[in-house]
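Here is a short report on one protein chain. Please keep the sequence and the 3D view open while reading.

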Amino acid sequence: LQNGQSFRGEIRNSSIKIRTSYAEISIQSRFLKNIKKEAGNFVFSLSENNRFSGELLDEITIALDSSQSSYSSAEIEAVNFSNTSSFKDNKAVNITTTNGDFFFANTVEDSISIKTSLGSPLNIKYSNISSIEYLNNENIYLINRKNASEIKANFSQQSLILWPSAGEIFELDLNYLQKLVIN
């Protein structure tokens with residue numbers, strides 16, 4: 001805790017809700033390795049190097065012997081989880097966001113929609129894409145296709161709907177997408 005106290009017990013939360021700069025996400029506790037407060041925000045480290053950073057929205061409930069106690073984000077300094085599960089599903093893509101978060105996910109839709117010079121959007125199936133990366137210096141996305149061709153374009157949509165390995169489905173605001181790699 002922030003006051004220097006430490007407890008060892010069983011985490012009772014099956015999931016923990018967090019708010020990142022790009023979305024609110026519920027993370028399954030069984031995939032968490034640790035939660036640490038760093039520079040006013042929490043860093044959530046998960047299996048397979050997945051990382052989220054932001055605000056802890058839920059209290060953490062710990063069973064201690066025969067009692068149970070809950071702690072707010074203002075009270076918590078760090079939480080270490082001793083038993084962490086590995087991901088088996090939802091690993092079609094890996095995502096890196098502009099704030100440095102990294103996570104595996106599945107895309108809910110089967111394609112992205114980009115703006116074209118003709119005015120009408122063009123849908124590109126994820127099965128034809130190897131990666132998408134935001135080019136900061138050009139303010140545009142580079143879409144690398146599996147046939148080795150590249151397209152520079154902006155999205156005609158505002159978000160991607162993702163199902164992360166460790167959590168529930170959420171919408172990722174595309175202003176925060178740094179890189180998407182198809183696995």
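I16 has a relative accessibility of 1%. The cut-off for buried is under 20%, so I16 counts as buried. This is a predicted model, and the values here are computed from it. I16 sits in strand β2, which covers residues 15–19.

Which residues does I16 contact, beyond its neighbours within four places in sequence? The list is I25, S26, I27, S29, L32, I35, L56, D58, I60 and F81.

## S29, a buried loop residue

One of the contacts of I16 is S29. S29 lies in the loop between β3 (24–28) and β4 (32–38). Is S29 buried or exposed? Its relative accessible area is 7%, so S29 is buried.

I16 and S29 are 13 residues apart in sequence. In space, their C-alpha atoms are 6.4 Å apart. Residues up to four places away aside, S29 touches N13, S14, S15, I16 and F81. F81 is also on the contact list of I16.

## N136, an exposed loop residue

N136 also belongs to a loop, here between β14 (129–135) and β15 (140–145). The cut-off for exposed is over 50%. N136 has 55% relative accessibility, so N136 counts as exposed.

How far apart are N136 and R51? In sequence, they are separated by 85 residues. From C-alpha to C-alpha, the distance is 22 Å.

## The largest nonpolar core

In soluble globular proteins, nonpolar side chains tend to be buried together. In this model, the largest nonpolar core has 49 residues. Which members touch the most other members of this core? They are I112 and L177.

I112 has contacts beyond its neighbours within four places in sequence.

## A three-stranded open sheet

Three strands form an open sheet. Their order is β1-β7-β8, and the pairing is antiparallel. The edge strands are β1 (10–11) and β8 (67–71). Each edge strand pairs on one side only.

β1 pairs with β7 (residues 60–64) over two bridges, in the antiparallel sense. Across this pair, E10 stands opposite A63 in β7.

## The largest pocket

Rolling a probe the size of a water molecule over the atoms shows where empty space is left. The largest pocket holds about 570 Å³ of space. Its lining has 21 residues, and the closest to the pocket centre are F7, G9, I11, V79 and N80. β1, β7 and β9 (78–80) are the elements that give two or more residues to the lining.

Which strand gives the most to this lining? β9 does, with three residues. By class, the lining has ten nonpolar, seven polar and four charged residues.

## The chain as a whole

The protein chain has zero helices and 19 strands. Its C-alpha atoms fill a box of roughly 65 × 30 × 20 Å, taken along the principal axes. Of the 183 residues in the chain, 43% are buried.

Key
Residues are numbered from 1 along each chain as its sequence is written. This is a predicted model: local features need pLDDT of at least 70, side-chain atom pairs count only at pLDDT 80 or more; totals for chains, interfaces and linings use all residues. Side-chain values use heavy atoms; hydrogens and water are left out. Two strands pair if DSSP finds at least two bridges between them. Helices (H or I, at least four residues) and strands (E, at least two) are DSSP runs, numbered from the N terminus. Buried means under 20% relative accessible area, exposed over 50%, partly exposed in between (1.4 Å probe, protein chains only). A nonpolar core is a set of buried Ala, Val, Leu, Ile, Met, Phe, Trp, Tyr and Cys residues joined through side-chain atoms within 4.5 Å. Contact means heavy atoms within 4.5 Å. On a 1 Å grid over the protein atoms alone, a cavity is a set of points where a 1.4 Å probe fits but cannot get out, and a pocket is an open set with protein on both sides within 12 Å along at least five of seven lines; lining residues have an atom within 4 Å of a point. Grid points are joined across faces, edges and corners, and a volume is the space filled by probe spheres set on the points. Ala, Val, Leu, Ile, Met, Phe, Trp, Tyr, Cys and Pro count as nonpolar, Asp, Glu, Lys and Arg as charged, and the others, Gly among them, as polar.
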